[in-house]
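Here are my notes on this one, as numbered points. Have the structure open while you read.

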Amino acid sequence: EVLQDPEAVELQNMCFEKAALSYSKTAALIQHIVPIKPPGVKDGPEAEPTLYLTKKERKRQRKLRRQEKQRELQDLQAAGLIPAPEPRLTLSNFIRVLGDQAYLDPSKMEEKVVA
C-alpha cells in the first residue's frame, strides 16, 4: 500500500487538469479523426424486410378478412348478442319482405322502399 500525502494528491489532480486538451495550445491544430463504423455493423435493431404480395394474393387476403369478419358477425347474431339486421328492401323483393302490408297499400310501401 502506498500512502500519499493529501497535498501531493491535490497537486497531481491539478497537474492532470492543466494537462487536459482544453488547455493545450496545439489541440486546435490537430486533426481528430471521426470514427467510422464498419460497413457490416448496424447500430439499431435489425429491420425485417417488407413482404409485398401479388395482386392475386392481396385479393385473397382481403376476401379471407371479409369472410372472417362476416362469420364473427353471424356468430354474434346467432348467440343473440347483437340484433339481426333488418331485411333489405328493393323494388323487386318488397312484396316478399313486407308481406300483407304490401298488398294492403302497395303505393305507400313502394314510397317507403324508394326513400
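1. R71 counts as partly exposed at 42% relative accessibility, and E68 is also partly exposed, at 36%. (Buried means under 20% relative accessible area, exposed over 50%, and partly exposed in between, with a 1.4 Å probe and protein chains only.)

2. Before going further: this is a predicted model, where local features need pLDDT of at least 70, side-chain atom pairs count only at pLDDT 80 or more, and totals for chains, interfaces and linings use all residues. Residues are numbered from 1 along each chain as its sequence is written, and side-chain values use heavy atoms, leaving out hydrogens and water.

3. What does R71 form with E68? A salt bridge, with the closest N and O atoms 2.7 Å apart; the term means a side-chain nitrogen of Lys or Arg within 4 Å of a carboxyl oxygen of Asp or Glu. R71 and E68 are three residues apart in helix α2, so about one helical turn separates them. A search of the whole structure finds one salt bridge.

4. Helix α2 (residues 55–79) also holds K69, which is exposed at 64% relative accessibility. Helices here are DSSP runs (H or I, at least four residues) numbered from the N terminus.

5. K18 sits in helix α1 (residues 6–18) and is exposed at 53%; K18 and E86 are 68 residues apart in sequence and 88 Å apart in space, C-alpha to C-alpha. S107, in helix α5 (residues 106–114), is partly exposed at 47%.

Note on methods. Helix = DSSP H or I, 4+ residues; strand = E, 2+ residues; numbered from the N terminus.
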